[in-house]
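Here is a short note for a colleague opening this structure for the first time. Please keep the view open while reading.

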Amino acid sequence: MPTLHIRNARLLDPSQRLDRSGDLFVRDGKIVAYEAPAEPCDVVIDARDKIVTPGLIDMHVHLREPGQEEDETIATGTRAALAGGFTSIACVADTDPPIDTEADVQFVQHQARRADNCNVYVIACVSKQRQGKELAELGQLAAVGVVGFSDDDAPIENPELLRRAFEYSLMFDKPILNHAEVRELAHGGVMHEGLVSLVLGLPGMPSSAENVMVSRDIALAESTGGRLHLMHISTRGSVDLTRHAKQRGVRVTAEVCPHNFALTDESLYTFDANFKTNPPLRHQKHVDACIEALVDGTIDAIASDHSPLASEKKTCELDQAPFGAAGLETTLGLVVTKLIEPGHLTWSQAIEKLTINPARILGLANKGTLAIGADADITIIDPAAEWTVDPRGWQSKSSNTPFAGWKLRGKAAATIVGGRVKWTAES
Amino acid sequence: MTSEPVLSPRYPGNWTRRHLLDVESLSADEITTILDTAESLKQATDGCRKKLALLAGKTCANLFFENSTRTRTSFSLAARRLGADTLDFSSSGSSLSKGETFVDTAKNIEAMGVDIVVTRHRTPGTPHLLAQNISCAVVNAGDGAHSHPTQGLLDILTIRQKRGRIEGLTVALVGDITHSRTARSNIWGLQKLGAHVIVCGPSTLVSRRWEELGVEVAHNLDDIVPRCDVMNLLRIQFERQSTRPFPSVREYALLYGMNRQRMARAKDDILILAPGPINRGVEITPDVADGPHSAILEQVTNGVAVRMAVLWLAAGARDAGS
């Protein structure tokens with residue numbers, strides 16, 4: 001394996017509270033030293049004016065394969081991840097068939113190896129076929145390396161099942177990830193319930209639909225000692241519940257999506273289905289609450305919830321269009337433009353939520369850090385790069401983005417996986 | 001019926017809008033222009049009975065994805081009164097269920113040489129998406145609970161004819177506001193022309209949030225009856241409700257039905273409107289619906305007048321290339 005020398009770097013690694021200029025030396029796929037190597041390296045990258053961080057981790061990605069290859073495949077999705085600066089992603093189980101057996105997991109792992117882009121970790125089903133009735137074989141799934149359990153956008157409705165899942169998964173030390181939404185309250189909704197939905201006559205999804213289930217999930221995690229990860233929270237209520245739970249010592253973590261800190265429900269005045277996401281784009285007060293929670297650490301991770309959808313699925317009536325936005329290739333730019341540049345987060349705080357925090361939540365050893373001996377997953381970020389979101393040039397198979405035409409700052413200049421340069425901005 | 005015009009109304013030189021998608025985006029001047037044009041066309045057609053040739057050679061397609069009888073008929077009649085050819089395309093349910101997107105359906109209709117598409121759809125915003133995708137003039141004939149601009153405009157025209165003005169009047173919209181495109185169209189139009197608007201109904205169907213738009217919110221009909229100059233009694237939209245927002249129709253009728261007792265406490269010159277179809281005995285009792293204060297059938301005639309105006313204005317703007 002070629003040796004790699006990154007020189008003139010600003011090394012930024014929140015896992016070690018590291019932020020200094022220096023060099024990085026990589027050998028055999030591992031980070032070996034922070035100074036220039038004695039011998040000449042096979043690959044030398046000059047990272048002047050760039051920020052060198054641990055490889056970014058997106059802990060919530062829909063890869064769509066198997067079953068919805070018209071939207072994305074494991075090969076295209078992982079390529080999109082590289083273009084977005086991600087060296088590792090965790091994919092969720094809402095495929096067809098759902099990922100609820102060892103064979104399903106191994107299929108994804110196999111396709112990811114064949115694609116040979118970024119690392120792919122699997123979040124498998126909590127319940128068989130995501131039906132919310134019986135537990136999937138969590139032990140067998142853990143044995144083949146899944147990093148957590150989630151029925152994804154089929155919220156676990158039965159509290160008894162969730163309780164058992166918390167208790168049982170304790171044996172494997174894996175988190176249960178839940179999409180918090182009470183279906184009866186959000187039923188038929190296409191956007192956040194508020195003044196905008198009232199004006200547009202569109203059925204709304206009230207913030208209480210999320211808050212009620214977050215509250216229940218926290219109560220069950222607290223009583224069982226289980227590990228709860230709240231996927232894409234989006235309301236002031238969820239944020240407050242999570243903050244208080246953490247103060248009590250409940251084992252709860254949370255993520256937020258870029259569109260939930262960068263957009264509001266007013267986007268729906270366009271009636272454009274690219275703004276139809278779940279959780280929905282919410283009122284500014286909820287956006288502000290999410291940003292506050294990012295600042296004070298209540299929200300641990302930023303995840304794209306990359307939800308690629310073929311264009312014909314989105315160019316239809318708003319109530320017919322499925323929820324979701326493709327996000328792998330815009331997340332870093334949105335973090336820089338909407339969180340770092342306005343001064344909400346420092347670079348260190350922001351990178352922490354894209355590296356070591358998701359690595360800890362999912363238990364990814366030697367990931368999310370530039371520590372000596374760690375896997376040489378590295379993202380070189382050009383913090384000053386100005387670019388315009390144009391999904392026509394994307395690596396993802398889909399182009400459903402609410403940010404088309406946006407001018408963003410901050411982009412991956414190079415994405416290095418296991419010591420090999422897998423992506424450069426010029427490629 | 002004669003095809004000879006009585007007198008030829010003048011096309012307003014300041015009109016540039018090719019689509020009529022909602023009332024929200026119209027200015028007060030534009031609303032007034034539509035109302036004035038509707039009145040002149042109503043006169044020129046002798047109360048919407050005679051025929052003009054203002055749209056001769058044009059084709060007007062009704063592209064209805066949701067059931068409708070009266071609105072579709074009214075638009076068809078309006079188009080024919082102005083000499084246009086009409087074409088009906090109805091498809092209940094989603095076009096998607098047939099494997100074709102509604103945009104493709106509309107493009108097919110357009111390719112047949114249609115000038116104006118009048119469309120109704122159960123989903124808000126569908127006419128707006130059509131307008132972005134086809135070059136015909138698009139007229140919204142109702143998109144879900146969002147907007148039904150010609151209904152709002154014909155209600156306002158009826159009020160103006162009966163009361164001579166809109167400014168300063170107190171107009172109550174009573175009933176299922178949440179699911180009503182008629183309410184949304186009336187609220188914007190009436191406010192822009194200076195009326196005070198009250199929305200009244202059960203708290204599950206009348207959100208307090210309307211106050212943020214300067215609308216008065218009431219849940220007790222008896223409290224507001226004496227103050228109203230106009231009451232517009234909306235139908236309960238059972239088909240748009242997922243769970244019933246009040247315990248029974250009986251309770252609704254008792255709390256919000258306009259009846260003789262409530263009429264006795266109203267102003268002497270109160271004007272009663274209902275967009276129809278009306279449910280006799282629910283939101284309105286027969287004696288009120290058929291009584292001297294009711295303008296329900298004049299609304300229907302004005303509907304043809306407003307739709308003639310809207311079709312003519314839209315076609316003219318399209319010809320002018322705007």
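Predicted model: local features only at pLDDT ≥ 70, side-chain atom pairs only at ≥ 80, totals over all residues.

1. **Chain A overall.** Chain A holds 14 helices and 18 strands. Along the principal axes, its C-alpha atoms fill a box of roughly 65 × 45 × 40 Å. Does the radius of gyration of chain A agree or disagree with that of a compact globule? With 427 residues, such a globule would have a radius of gyration near 22 Å; chain A has 20 Å, so the two agree.

2. **A helix pair in chain A.** Look at helix H4 (residues 159-169) and helix H7 (residues 207-224) of chain A. Their axes come within 9 Å and cross at roughly 40°. The crossing of H4(A) and H7(A) is right-handed.

3. **Residues at that crossing.** Which residues make the contact? H4(A) brings Pro159(A), Leu162(A), Arg163(A), Phe166(A) and Glu167(A). H7(A) brings Arg216(A), Asp217(A), Leu220(A), Ala221(A) and Thr224(A). By class, the contact of H4(A) with H7(A) has 5 nonpolar, 4 charged and 1 polar residues.

4. **Domains of chain B.** Chain B is divided in two. Domain 1 covers 28-148 + 301-319, and domain 2 covers 150-296. The C-alpha centres of these domains of chain B lie 26 Å apart.

5. **Where the domains of chain B meet.** Here 19 residues of domain 1 are in contact with 20 residues of domain 2. On the domain 1 side, helix H1 (28-44), strand S4 (137-143) and helix H11 (296-319) of chain B each supply at least two residues. The residues on that side of domain 1 of chain B divide into 9 nonpolar, 7 polar and 3 charged.

6. **Chain A against chain B.** How many residues does the contact take from each chain? There are 15 from chain A and 21 from chain B. On the chain B side, helix H3 (102-111), helix H4 (126-133) and helix H6 (181-192) each supply at least two residues. H4(B) gives the most, with 3 residues. By class, the side of chain B that touches chain A has 11 polar, 6 nonpolar and 4 charged residues.

Terms used: Residues numbered from 1 in each chain as written. Chains lettered and ligands numbered in written order. Contact = placed C-beta atoms within 7 Å. Helix = DSSP H or I, 4+ residues; strand = E, 2+ residues; numbered from the N terminus. Nonpolar A, V, L, I, M, F, W, Y, C, P; charged D, E, K, R; others polar. Domains from an automatic or database assignment. Axes fitted to C-alpha atoms, helices over the stretch in contact; angles between N-to-C directions. Left-handed = near helix turned anticlockwise from the far one by under 90°. Rg over C-alpha atoms; globule rule 2.2 N^0.38 Å.
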